[in-house]
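Please open the structure in your viewer and keep the selection tool at hand.

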Amino acid sequence: MKVQVIRLIAFLLLAGSAVVVQAQDKVEGSLKADFVTSYIWRGLQLGHVSVQPELGVSWKGFTLSANGSVGLSNRDDANEIDLMLSYATKGLTVGVVDYWTDEDDKRYFYYKKEHTGHAIEAFAAYDFGFASLSWQTIFAGNDLRSSDGRQAFSSYFEVGVPFRLATCDWQATAGLVPWASDYYETSGFRLTNLSLRATKDIKVSSSFAIPLFGELVANPCSQHLYFVAGFTLSPFQ
C-alpha cells in the first residue's frame with residue numbers, strides 16, 4: 001500500500017510538470033506574516049504564541065516559497081524553516097516540501113537521517129472549488145519508525161470545504177493519518193484533525209486590510225482541543 005502511494009505521488013509530480021498551460025508570464029512575488037496565539041499543524045501543537053513569515057516567487061504555474069515559525073512566548077519552542085517547490089495547473093497542485101526544525105539538531109546542513117532536523121515530503125492536492133483534497137507523504141529525513149529505525153513514509157490525507165457565512169470566510173477541515181507514524185504520534189489509522197476556521201478582513205484603508213481569523217481544532221486521536229486566533233500582515237493586497 002505504501003509503495004503504491006509513493007508511486008502515485010511520483011506520477012502526479014511528473015504529470016504536473018509535463019502539462020503546458022496558460023499562466024502568468026511575469027514573475028510575481030508574495031510576502032506575508034501570520035501572528036498566532038498557538039502553532040497548531042494538522043491537529044498537533046508545535047508551539048505557543050508565534051510569528052510565521054512567508055515569502056515566495058511564482059512563474060508560469062511554478063512557485064518557490066519559504067516559510068517558518070518562531071516562538072514569541074516560549075523560548076523552548078522549536079524554530080522552523082520550510083522550503084517548498086510546487087506546480088499548479090487547473091486545480092491540481094503537486095510539489096515537494098523540506099521541513100526543518102532545530103528541535104533535534106541545530107545544524108541546518110546536516111542530513112544524516114538518524115539525527116537530522118529535516119523531513120522531506122511530496123504532496124498532491126486538487127481544488128474542486130466546493131471542496132479540496134490533498135495527500136502528503138514524507139519520503140526522506142527525520143521520519144523513522146521507533147521499532148526498527150526504518151523510514152515510516154508517514155502520510156496525511158485532508159479534505160477541506162470552504163463556505164461563506166455571516167460576512168466571514170469559513171473553512172471546515174478533516175484530516176487523517178492512514179497508518180502508524182511516530183511523526184504524527186499515531187499507532188495506526190487515526191483521525192487527527194477536525195477544524196473550523198473563520199476569517200474576516202478588517203479594513204484599515206481603501207487599499208489595505210488586515211485579515212483576522214479564529215480556528216477551533218480538535219484532535220480525536222490525542223483527545224486534545226485547541227482554539228487559535230491570529231492576524232495576517234501582507235504588503236501585497
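Begin by selecting Val57, which lies in strand 4; strands (E, at least two residues) and helices (H or I, at least four) are DSSP runs, numbered from the N terminus. The model is predicted: local features need pLDDT of at least 70, side-chain atom pairs count only at pLDDT 80 or more, and totals for chains, interfaces and linings use all residues. Residues are numbered from 1 along each chain as its sequence is written, and side-chain values use heavy atoms, without hydrogens and water.

Is Val57 buried, partly exposed or exposed? Val57 has a relative accessible area of 41%, so it counts as partly exposed, since buried means under 20% and exposed over 50% (1.4 Å probe, protein chains only).

Strand 4 (50–59) and strand 5 (62–71) each give two or more residues to the patch.

Now select Tyr39. Leaving aside neighbours within four places in sequence, Tyr39 is in contact (heavy atoms within 4.5 Å) with residues including Leu44, His48, Ser69 and Glu80.

Finally, show the whole protein, which has 1 helix and 14 strands. Of its 237 residues, 37% count as buried.
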